[in-house]
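Let's take a walk through this structure together. Have a look at it first, and then we'll go piece by piece.

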Amino acid sequence: MATPLLASSPERWRAQLLSAQQRVQAIEPNLRSGRVVRATGLVLEATGLKLAVGAACKVELSAAQNIWAEAEVVGFEGRSLYLMPLSEISGLPPGARVVPVEAQLQPPVPLPDSDQPDSLPAQARSRHVPVGPGLLGRVVDGSGNPLDGLGPIDAQACVSLSHTTPNPLKRSPIDTVLDVGVRAINGLLTVGRGQRMGLFAGSGVGKSVLLGMMARYTQADIIVVGLIGERGREVKEFIEHNLGEEGLRRSVVVAAPADVSPLLRLQGAVYATRLAEFFRDEGKNVLLIMDSLTRYAMAQREIALAIGEPPATKGYPPSVFAKLPALVERAGNGEPNAQGRCGSITAFYTVLTEGDDQQDPIADSARAILDGHIVLSRSLAETGHYPAIDIEASISRVMPSIVDPEQIKMVHRFKSLLSSYQRNRDLIAVGAYTRGNDPAIDQAIDRFPWLQAYLCQGMQQRVDVPRAFDELNAVLNSEQ
């Protein structure tokens, strides 16, 4: 005869469930992990994981002290992953454990040389960064960590670094003049809201000071500054002397100086662009200043060469020339948001010209993908001419569509007079030119002091667009 089941009280079942829960919680999580099998230069090679390019990882530097370093997957070959650390990996031991960020509980990974079938890929995510108004007035690194000692970031959200580029047919046209506060740019190289301009210069010709002026004087709701690959000393100087307290209040500064990992430098440029995109999507007019686009390209070159990509032009791999337009095209005017507002990103990218060579491959590539370029001249800078803008070599491609035809005629006449004088400068200097031989040269000689004065401007002086055009008219049409 079968023994009847004994009825159990609810208290007994509750006690058994609580006991089981405690035993489960006491079990150490079994995370999917891989192992570092080679460390060469900037790149770590790991096996035992299947992760997508761009996935975030942690590399164990010390199991006893629970010290980890952040890394990112930058490539793969067969079953091997190529990782690029974001920080110093001094003390990395052979066979160090690699764990995906936000990995889920998974069964143990089979050995790489085993005959077992490949397991499912680990649930790792790409790198996410903080965004939102809480970053205004703050200085952060390429991962969104504060550098200014003002406490944690009050972020509205954390978003992926990747973002969809607006449909080119849905972008708003560039039809509004943007006042940058610099007379030579406002009057002769007028910038439109949503335009992407390049600032081409060698070292030591005043590009950082000019960027600081535009950051202080430009009419924009938000300013995002990306200091990529520059000297660490220049970060503080730019914030205190060029940007100023007033400019910093409406700005976010992303600093990734030259001594950090090339991956962090690369990420800093993308993070600055992602911040600008976030504010643009909210309907804000954003000024994006990136110093410099060349350092971004150099960081990508370091990574690409480290993982074995063959060099092409002047040591730059093909991936560099693919990443430049992918970054630049994210700026510009956006699509109308849910409230019907259309934000914009007006971007200024500095491009370093090695030895003042305007045919440098990065400079040549940037010139083709930007909406205009401003060239700074070393010879002008050495004479104390500030800002040292070479007007003859500079152009704004959207200026004809945003200003009146009469203003375009004045700009052409200004450049014609300046060019006539510069072409005959040596003859004029030695007295070989006789007045009366060419009326155009005579007029250029008479106007040159006023032309040169128009191009000069003090660092603490602001000249708006109407004043710039009024002074241009006075220079060209007033009686001498």
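Start with helix 6, which covers residues 293-306: at 1.5 Å a residue, its 14 residues should span 20 Å, and because its end C-alpha atoms are 20 Å apart, the two agree. The expected span here is 1.5 Å times one less than the number of residues. Helices (DSSP runs of H or I, at least four residues) and strands (runs of E, at least two) are numbered from the N terminus. Keep in mind that this is a predicted model, where local features need pLDDT of at least 70 and side-chain atom pairs count only at pLDDT 80 or more, while totals for chains, interfaces and linings use all residues. Residues are numbered from 1 along each chain as its sequence is written, and side-chain values use heavy atoms, with hydrogens and water left out.

Several residues of helix 6 are buried, among them Leu 293, Tyr 296, Met 298 and Ile 303; buried means under 20% relative accessible area, with a 1.4 Å probe and protein chains only. Just past helix 6, Gly 308 has a positive phi of about 100°.

Now for the strands. Six of them close into a barrel, in the order 1-2-5-4-3-6, with antiparallel pairing. Two strands count as paired if DSSP finds at least two bridges between them. Strand 3 (residues 56-62) and strand 4 (residues 67-77) run antiparallel and are joined by six bridges. Across from Ser 62 you'll find Ile 67 of strand 4.

How confident is the predictor? The chain's average pLDDT (confidence in each residue, from 0 to 100) is 85, and 90% of the residues score at least 70.

Key. Buried means under 20% relative accessible area, exposed over 50%, partly exposed in between (1.4 Å probe, protein chains only). pLDDT is the predictor's confidence in each residue, from 0 to 100.
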